[in-house]
Each structure stands twice: as C-alpha cells, then as structure tokens.
Amino acid sequence: MSFDVPDERRYLESHEWALETDGVVRVGISDFAQDELGDVVFVELPDEGDVLEGGTEFGVVESIKAVSDLYAPVGGEVVAINEALFDAPELVNEDPFGEGWMLEIDADDPDELEALLTADEYEDQIA
Amino acid sequence: MPLQTPPLRGIHDERGAKFTEFGGWDMPVEFDSIQTEHAAVREDVGVFDVSHMGQIHVTGPDATALMQRLTSNDVSRLAVGDSQYAAITDEDGIIVDDTVVYRLPDESDDPTYLFVPNAGTDEATHERWLSYRNEWELEATVDNRTDEYAMFAVQGPNAADRLERVTDESVADLARFEARYATIDGVDCWTARTGYTGEDGFELIVPWAAAEETWTAFDCQPCGLGARDTLRIEAGLLLAGQDFDAESNPRTPYEAGIGFTVALETEFVGRDALAAIEEAGVDERLVGFQLIDRGVPRHGYDITNAESRVIGTVTSGTMSPTVEKPIGLGYVPVAYAEPGTTLQVVVRGQSKKARVETTPFIETVQ
C-alpha cells in the first residue's frame with residue numbers, strides 16, 4: 001500500500017507533518033498515521049495562545065482502537081487550532097494534509113524544521 | 001510461542017486485512033474500517049472469522065453429568081439442537097471463562113455436546129474437563145477439536161437472508177440459540193442462531209479444510225476483531241480477559257451481570273459459593289456508562305466518585321459508532337450502580353463526567 005507524502009513538508013518520526021509559511025508552521029498527522037490509527041473519533045488540542053516546546057507533546061488523537069500522543073515539530077505560540085476537528089474528527093482520515101490539519105504555531109525559530117525528516121527520509125521510514 | 005493462524009490467514013491478507021494477536025492467534029482486526037464494518041452489521045450483514053474460538057467435544061454415557069458439573073447453567077434443559085450461554089467457575093464461584101454449550105445430535109445413543117471456550121483457553125479447559133472427569137470417574141470422552149474447525153459469525157439484520165442463499169436447507173426458521181447442520185457447497189456446517197454483536201445472526205462451525213469455500217460463499221462485508229469489540233460493547237456483552245479475568249480481575253457471574261447463567265438448582269463447581277453470594281448480595285457490579293464530557297474511556301482507566309476517590313476501573317470502552325457517544329463498562333460499588341448515577345472517569349489525568357446507563361446501549365435481539 002502506498003501513502004501520500006507531499007514533498008514540501010517536513011515530518012517527525014512520530015508521524016506529524018509540518019508546513020511552514022512566513023514563519024507560521026501548520027501541523028497535522030501523515031496519511032500513513034491516519035491509516036494506521038483507523039477511524040479517528042477524537043482529537044484533543046491545546047488552546048490558542050499556549051506556548052509549546054519543540055518535540056514535546058501537544059495533544060492526543062484517538063481512533064476507535066488506539067490512542068496516540070501528538071508532538072510539536074517546532075517551539076512557539078499556538079496561533080490557531082482546527083476547531084472543525086472537534087465536531088468532525090473524521091477529517092483527519094479523509095484529508096490528513098488538508099482539512100484535517102490540527103494547529104498552527106508561530107515558530108520561535110523556523111530553522112528548527114531543518115532538523116526534521118524530509119519527505120524522502122520519511123518515506124523510507126514508513127516503507 | 002508462535003501464533004496460531006486461522007485457516008483463512010492468506011485469504012484475509014489478500015483482502016488487505018490488518019492483523020493483531022488475540023488469545024495466541026493471528027487474527028484480522030480490520031478489513032476496511034471499523035466504522036464501515038460495524039455499520040454493515042448493524043444495518044445489513046457482515047461476516048467474522050472467529051476461528052480463534054475453541055471447540056471442545058464431549059460425549060459418552062456421562063457427558064451430561066460432566067457438562068452439568070463444570071458449567072453454571074442447566075445442561076439438562078438442552079434438547080438436540082439447543083444451545084445455552086454459561087459460565088465456567090472455580091470453587092469460589094469466580095468466572096474462569098464463559099462459553100456457549102451446544103447439544104449436537106447424539107453419538108451412538110450417547111448425548112453429545114460441543115462447547116466453545118474463548119481464544120487461547122481451549123487447552124486449559126480441555127485439561128480441566130479431563131481432570132474432573134477422572135476425579136469423578138465419569139464415562140465421557142473429551143476431545144479438543146479447536147484445530148479441526150473454523151468458525152464464522154454471520155451477523156446483522158439480513159443475516160438469515162444471506163445465509164439462505166448459500167445453504168441447501170432453510171435455516172431461517174431456527175429460533176435464537178437453536179442450531180442444526182446445514183449444507184454449504186456439500187459441507188455440513190453446524191449452524192446456530194447465536195452471535196456476539198447484539199444483532200440477529202448465525203455462527204457456523206465449519207471443518208477446517210472447507211473453511212475457504214464456506215467463507216467465500218458469503219458475499220458480504222468481512223469484519224475484524226475491531227468491529228467485533230465495538231459491537232459487543234454496545235450490546236453490553238463481556239470480553240474474557242478484560243471484563244473478567246480469574247487472575248487479574250476475579251469476578252462472579254453476579255458481579256459481571258450474567259447471574260442468569262447460574263442454575264443454583266444444579267450441582268456444579270462453584271455452586272455453593274455462588275449460592276452464598278446470591279443470598280448475601282454483591283458489593284460491586286458491572287455497569288454501563290456514557291461519558292458526558294469529551295474523551296474516550298479505555299480499559300484500565302480509573303472511575304472516581306464526586307470526591308475524586310477511586311471507586312472502580314473501566315474494563316471496556318470505546319466511541320460507540322452507533323450511538324456516537326463514548327461508552328464503557330466497569331465495576332463500581334452497588335451504591336453507584338443505578339442508571340442515572342453520576343461518576344467520573346479519569347482520562348489521561350483529567351476527570352471526565354460520566355453517567356451510569358442501562359445496558360445494552362442499543363436495542364438487541366434477545
């Protein structure tokens with residue numbers, strides 16, 4: 001089975017993706033991760049204004065069968081969360097790189113992203 | 001120890017199933033998605049490979065006596081083709097396992113039973129039966145036939161229609177808990193109107209060698225253990241090893257809500273202990289609950305009262321695909337067991353409000 005791994009993003013070994021635009025990093029989980037989890041039924045996210053440290057836990061995604069912690073790719077302030085997921089957590093399954101995004105972080109240091117996996121490296125990890 | 005594999009491991013793999021270890025078996029957990037499979041069973045029909053369930057065959061002049069003394073229900077009530085749900089208890093009345101006992105057509109004029117212990121317990125159960133048979137000097141043969149039979153569950157409101165298309169004889173007239181042999185592609189399958197989803201449906205015990213043809217005959221949604229779990233929780237049905245476990249969570253049938261399987265008028269291992277408990281009443285009881293706050297209850301989470309004192313543990317929990325609410329089962333003191341009682345469930349360190357509900361959570365076929 002092959003999974004979508006968009007090139008322009010960076011990835012964590014724990015299966016989050018990160019996409020930076022003008023210093024703001026949007027975060028979600030990968031196509032592979034949503035498939036492994038199965039039907040997502042619950043997403044717990046931080047509040048806007050919370051300050052996260054890169055590599056630390058920021059929330060939880062739960063499917064019917066599993067619970068999985070979510071990790072921040074970079075440090076910074078949470079400037080947006082995807083509230084649509086509270087009523088429609090299935091968006092994570094349906095569109096993990098689009099409508100299923102989870103939060104946006106105003107990155108303290110966007111260069112932190114350079115330490116993460118490239119699409120090619122992530123593809124090797126899930127192969 | 002290597003995992004045991006069901007006869008259809010290859011077929012499931014080709015179909016794209018994901019697998020999990022369950023009771024020492026490598027079983028399909030999900031084919032398409034748990035929600036898709038769950039909905040198929042609630043609304044139409046789905047088929048489960050439950051070949052990990054044990055099959056133990058008991059016959060001989062004392063077969064009834066042996067079954068009577070090792071299961072909690074009244075085996076003497078079973079006519080040929082009947083079945084009953086029962087507990088297997090120890091001397092203290094603790095549930096060791098739960099099972100369905102079928103009375104097969106008599107063999108050589110002797111009563112013949114087939115019973116289905118849970119995955120991974122067949123060897124210990126076989127030993128238990130042999131050991132008690134010898135101790136009581138009963139004349140009965142006890143064969144562990146787990147490796148000789150596959151088992152499928154065809155479940156859902158349209159299960160009878162679907163089965164009628166593939167069997168040579170009609171099975172639609174079978175009553176709940178009634179069974180007979182029906183032929184599928186020339187193979188005799190023990191076909192019982194039983195199941196563990198809360199829906200109408202049938203369980204088929206099929207010779208291992210014919211498993212592939214029989215499975216392929218059902219042109220309907222294949223379902224894995226994931227959907228089986230969400231379906232049985234909604235139906236308020238127990239999972240061995242989780243909702244009761246003789247080692248880690250010892251419970252009597254009265255605590256577990258299956259007191260209806262206890263026939264105190266019969267003599268069986270654990271009977272006297274259970275008679276005393278029935279008389280005195282239980283301290284704790286398994287209840288169903290719904291989480292009012294957001295979150296998903298899971299096995300092992302603490303249940304607390306309003307003062308944050310731990311009063312129990314969640315034994316099973318899920319986000320219910322049918323009622324679309326987080327639901328669960330857990331043991332609490334009887335003072336907290338009334339439907340409507342407010343409890344708290346501790347979900348990853350946070351107290352979430354929950355309310356005791358009447359089980360089953362959905363309307364089921366009795």
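Figure 1. A quick word on names: helices (H or I, at least four residues) and strands (E, at least two) are DSSP runs, numbered from the N terminus. This is a predicted model, in which local features need pLDDT of at least 70 and side-chain atom pairs count only at pLDDT 80 or more, while totals for chains, interfaces and linings use all residues. Residues are numbered from 1 along each chain as its sequence is written, chains are lettered from A and ligands numbered from 1 in the order in which they are written, and side-chain values use heavy atoms, with hydrogens and water left out.

**Figure 2. What wraps around H7(B)?** Helix H7 (residues 225-234) of chain B has nine of its ten residues buried, so the rest of the structure largely encloses it. Buried here means under 20% relative accessible area; exposed is over 50%, and partly exposed lies in between (1.4 Å probe, protein chains only). Among the buried ones are Leu225(B), Leu231(B) and Ile233(B), but also Arg228(B), Arg232(B) and Glu234(B). The cover over the buried residues includes strand E1 (18-22), strand E2 (25-30), H2, E3, strand E16 (310-319) and strand E17 (326-333) of chain B.

**Figure 3. A six-strand sheet in chain B.** This open sheet runs in the order E10-E11-E12-E9-E3-E13, and its pairing is mixed. Strand E10 (179-184) and strand E13 (221-223) of chain B are the edges: each has a single partner strand, so one side of each has no neighbour in the sheet. From one strand to the next, the twist averages 30 degrees. Two strands count as paired if DSSP finds at least two bridges between them. Strands E11 (residues 187-192) and E12 (residues 201-207) of chain B, for instance, pair in the antiparallel sense over three bridges, with Thr191(B) opposite Leu204(B) in E12(B). Helix H2 (residues 34-43) of chain B lies across strand E3 (46-49), strand E9 (149-155) and E13 of chain B, at about 115 degrees to E13(B). For that angle, axes are lines fitted to C-alpha atoms, for helices over the stretch in contact, and angles run from 0 to 180 degrees between N-to-C directions.

Figure 4. UniProt's unreviewed entry marks Glu203(B) as "binding site"; UniProt positions are given in the numbering used here, feature names are shortened, and annotations may be inferred rather than shown by experiment. Glu203(B) lies in strand E12 of chain B and counts as buried, at 9% relative accessibility. Beyond its neighbours within four places in sequence, the contacts of Glu203(B) include Tyr102(B), Met151(B), Gln155(B) and Trp190(B); contact means heavy atoms within 4.5 Å. Its side chain also makes a polar contact with the side chain of Thr194(B) (2.6 Å). A polar contact is a pair of N or O atoms within 3.5 Å; within protein, one must be able to donate a hydrogen and the other to accept it, and residues adjacent in sequence count only if both atoms are side-chain atoms. Gln155(B) sits in strand E9 of chain B and is buried, with a relative accessible area of 0%. The side chain of Gln155(B) reaches the backbone oxygen of Phe202(B) at 3.4 Å.

**Figure 5. Two nonpolar cores.** A nonpolar core is a set of buried Ala, Val, Leu, Ile, Met, Phe, Trp, Tyr and Cys residues joined through side-chain atoms within 4.5 Å. The largest one has 38 residues, and those with the most contacts inside it include Phe48(B), Tyr102(B), Leu238(B) and Ile258(B). Strand E6 (residues 95-107) of chain B gives the most to this core, with four residues. A second, separate core of 28 residues includes Val25(A), Val40(A), Leu70(A) and Leu85(A).

**Figure 6. Over to chain A for another sheet.** Here an open sheet of six strands has the order E1-E2-E3-E9-E8-E5, with antiparallel pairing. Which strands stand at the edges of this one? They are strand E1 (10-11) and strand E5 (51-52) of chain A, each with a single partner strand, so one side of each is left without a neighbour in the sheet. Strand E3 (residues 24-29) and strand E9 (residues 103-107) of chain A pair in the antiparallel sense over four bridges, and Val25(A) stands opposite Ile105(A) in E9(A).
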